[in-house]
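Work through the exercises below with the sequence and the 3D view at hand. Try each task before reading its solution.

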Amino acid sequence: RNNTELCFGRINSFDDYPNLRVETAFFPENIKVINEKSTRLVMLAATANPISKKYNSISLDSLITKPLVLYAPYDIEYNHFYKLLHVYGEPKIKYKTSNLQTFYDLLRTTECVSIGVSSDNQDAMFNPLFSQDQQLRMIPIRENVQMRILYLANQKLYTENPAFPVQNRI
């Protein structure tokens, strides 16, 4: 339903990089940050991928030289990981897809790797690719790059819907 009065969204910010930082002071007055979390970056790779077997951690300089698959539901230029990788040079992107299932299929069946965020146990529980059979592996990025995930809501949605699932009201 197209309702501009009740909206919810998510924005990602790399606070250590001024050109990739989200400035919440510029949000419209009726948009509130209702929850946020920071998470570390990881390389995603199939457990059978030779690259996955070679690394226990990887630098961003090294990651951009690997064959990459990126998930970009919109234009790749809007992808926050794409923008971050370009800070370190020209990434070797072999595939980009707007379909999440295709993204995971490419990770599982090709020599490609990707960049993502470390999942907590709850995230992994809902993604069967990270469950017991461990088809995909998360390999830490060496640089201490944090991605801050901001969950936003229109104030009307936030204040008039007590059942709205908010963990930390900010």
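**Exercise 1.** With which side chain does the side chain of Thr 39 make a polar contact?

*Solution.* Note at the start that this model is predicted. Begin by placing the residue: Thr 39 sits in strand β2, which spans residues 31-46. Next, look for the polar partner. The side chain of Ser 118 makes the polar contact, at 2.9 Å. Then check the surroundings. Beyond four places in sequence, Thr 39 touches Val 117, Ser 118, Val 145, Gln 146, Met 147 and Ile 149. The relative accessible area of Thr 39 is 7%, and buried means under 20%, so Thr 39 is buried.

**Exercise 2.** Classify the two aromatic pairs of the structure.

*Solution.* A pair of aromatic rings is described by the distance of the centres and the angle of the planes. Take Tyr 71 and Phe 103. Their ring centres lie 6.1 Å apart and their planes meet at 50°, so this pair is tilted. The pair links distant parts of the chain: Tyr 71 belongs to strand β3 (residues 68-71) and Phe 103 to helix α4 (residues 100-109), 32 residues apart. Now take Phe 103 and Tyr 104. Here the centres are 5.3 Å apart and the planes stand at 65°; over 60 degrees counts as edge-to-face, so that is the class of this pair. Finally, join the pairs. Tyr 71, Phe 103 and Tyr 104 form one aromatic cluster.

**Exercise 3.** How far apart are Ile 139 and Met 43 in sequence and in space?

*Solution.* First find the residue: Ile 139 lies in strand β6 (residues 136-140). Then compare the two separations. The residues are 96 apart in sequence, yet their C-alpha atoms are 5.0 Å apart. Now list the contacts. Leaving aside neighbours within four places, Ile 139 is in contact with Val 42, Met 43, Ser 52, Tyr 55, Asn 56, Ser 57 and Ile 58. Its relative accessibility is 0%, so Ile 139 counts as buried.

**Exercise 4.** Which element gives the most to the largest nonpolar core?

*Solution.* Start with the core itself. It has 27 residues, and those with the most contacts inside it are Phe 14, Leu 41, Leu 63, Leu 84 and Ile 115. Next, collect the suppliers: β2, α2 (60-63), β3, α3 (80-87) and β7 (146-154) each give at least two residues. The most come from α3, with four residues. The contacts of Leu 41 beyond four places in sequence include Phe 14, Phe 81, Leu 84 and Ile 115. Another core lies apart, with 10 residues, among them Val 42, Tyr 104, Leu 106 and Leu 136.

**Exercise 5.** How many helices and strands does the protein have, and in what order do they run?

*Solution.* Count the elements: there are six helices and seven strands. Read from the N terminus, the order is β-β-α-α-β-α-β-α-β-α-β-β-α. Then step back to the whole chain. Of its 170 residues, 41% are buried. Among contacts with a separation of 6 or more, 81% join residues 24 or more positions apart.

Conventions: Residues are numbered from 1 along each chain as its sequence is written. This is a predicted model: local features need pLDDT of at least 70, side-chain atom pairs count only at pLDDT 80 or more; totals for chains, interfaces and linings use all residues. Side-chain values use heavy atoms; hydrogens and water are left out. Rings of Phe, Tyr and Trp (its six-membered ring) pair if their centres lie within 6.5 Å; planes under 30 degrees apart count as stacked, over 60 as edge-to-face and the rest as tilted. Buried means under 20% relative accessible area, exposed over 50%, partly exposed in between (1.4 Å probe, protein chains only). A polar contact is a pair of N or O atoms within 3.5 Å; within protein, one must be able to donate a hydrogen and the other to accept it, and residues adjacent in sequence count only if both atoms are side-chain atoms. Contact means heavy atoms within 4.5 Å. A nonpolar core is a set of buried Ala, Val, Leu, Ile, Met, Phe, Trp, Tyr and Cys residues joined through side-chain atoms within 4.5 Å.
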